[in-house]
Amino acid sequence: MHPVLFILMSVSIQAFSFAYVSKEFEPGEIIQYSLISFLLCGLVFSMVLYKKGNLCLEAKEIHELFRLNIATSFAFLGFYLSLIFIPPSISSLIEASSSPLLAVFFTYIYIKKLENNIPLLVLIFLFGLVTLSFSIESFNIKIFTGLTLSILAGAGAAYIATISNQGSMNDLSREKILAYRFYGSAICSAFLLYTTGGWNFDVYFLLKASVLSLLGFLLPMLLLQIGMEKTKPVITILCLSLIPLLSYISEMSLGSNFDLKAALMMTVTLFLTAYYIFSSTRKTVKEEGVVVR
């Protein structure tokens, strides 16, 4: 199976999961759901490593996982803190539309290779900003803060995709990455819950959140990791940029109202994203002689 398909499956599951959680859970419960997801992912894959006798880390692995934890924490905190200032659909769109350009920047730093389609990536980012302008009455410090946090989340996502595609990260097993990459985010989540008092100890909620964490977080993270190992960083980020539109479709299926303007802007972004993925994939196939079935 082509590695991009693993990423697209992950994106689809994440989109529906996020739409469901955002509809059913309160803000504090969403952060608590995230904390449960991070801890369950670490626990499950730590058990896998324990059974394989490979739980211990070497010094170079600790260094790579430290970088990965910082980037993951940026992506998590940037997104959830931005929800205080701007709507979640807009925040995810800004994050998704800024990530490709930032992935190009990080890729150039690491391997000194520059993408050819930078104007298209700039256009995708501009569509995100235009969508933001349609959704606000005036641009103020509150909107600017939300925009900045969303771009920081995009930077975290772009850096994750970039280092996951590098040789040093490829030395880490998939199980080690999934077992250890979310502890920084778990600490940040716990800190947010402590400062906001958003804990919910209801047994039904904890059971529901745990099941959703396994199906809506752990499974797509595994699929995403499989796909990222064999996929160019920019393509990974552009696949992830489909989340706003897929989340919007999922929200519609769960009873949300239809907004023609938002749907049109997200659809245009989707077409631009699909065009870039298609053109980049064809170029890779031509250069490497790979036959995609």
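On a 1 Å grid over the protein atoms alone, a cavity is a set of points where a 1.4 Å probe fits but cannot get out, and lining residues have an atom within 4 Å of a point. Grid points are joined across faces, edges and corners, and a volume is the space filled by probe spheres set on the points. The model examined here is predicted, so local features need pLDDT of at least 70 and side-chain atom pairs count only at pLDDT 80 or more, while totals for chains, interfaces and linings use all residues. Residues are numbered from 1 along each chain as its sequence is written, and side-chain values use heavy atoms, with hydrogens and water left out.

The structure holds 2 cavities of 30 Å³ or more. The largest cavity has a volume of about 880 Å³. Its lining comprises 37 residues, with Gln 14, Phe 79, Glu 95, Met 221 and Ile 243 nearest the centre. Helix H4 (88-111) gives the most to this lining, with 6 residues; helices here are DSSP runs (H or I, at least four residues) numbered from the N terminus. By residue type, the lining of the largest cavity divides into 23 nonpolar, 11 polar and 3 charged, where Ala, Val, Leu, Ile, Met, Phe, Trp, Tyr, Cys and Pro count as nonpolar, Asp, Glu, Lys and Arg as charged, and the others, Gly among them, as polar.

The second largest cavity holds about 50 Å³ of space. Among the residues that line it are Leu 93, Ser 241, Met 266 and Thr 269. Helix H13 (260-288) gives the most to the lining of the second largest cavity, with 3 residues, and no charged residue takes part in that lining.

Turning to the packing, the largest nonpolar core has 53 residues, of which Phe 25, Tyr 33, Cys 41, Phe 182 and Phe 217 touch the most other members. Such a core is a set of buried Ala, Val, Leu, Ile, Met, Phe, Trp, Tyr and Cys residues joined through side-chain atoms within 4.5 Å. Beyond four places in sequence, Cys 41 touches Leu 178, Ala 179, Phe 182, Phe 217 and Leu 218 (contact means heavy atoms within 4.5 Å).

Finally, Ser 150 is found in helix H6 (residues 141-164). Ser 150 counts as buried because its relative accessibility is 0%, buried being under 20% relative accessible area (1.4 Å probe, protein chains only).

Terms used: Buried < 20%, exposed > 50% of the residue type's maximum accessible area, 1.4 Å probe, protein only. Helix = DSSP H or I, 4+ residues; strand = E, 2+ residues; numbered from the N terminus. 1 Å grid on protein atoms, 1.4 Å probe; cavity = no way out; pocket = protein on both sides within 12 Å on 5 of 7 lines; lining within 4 Å.
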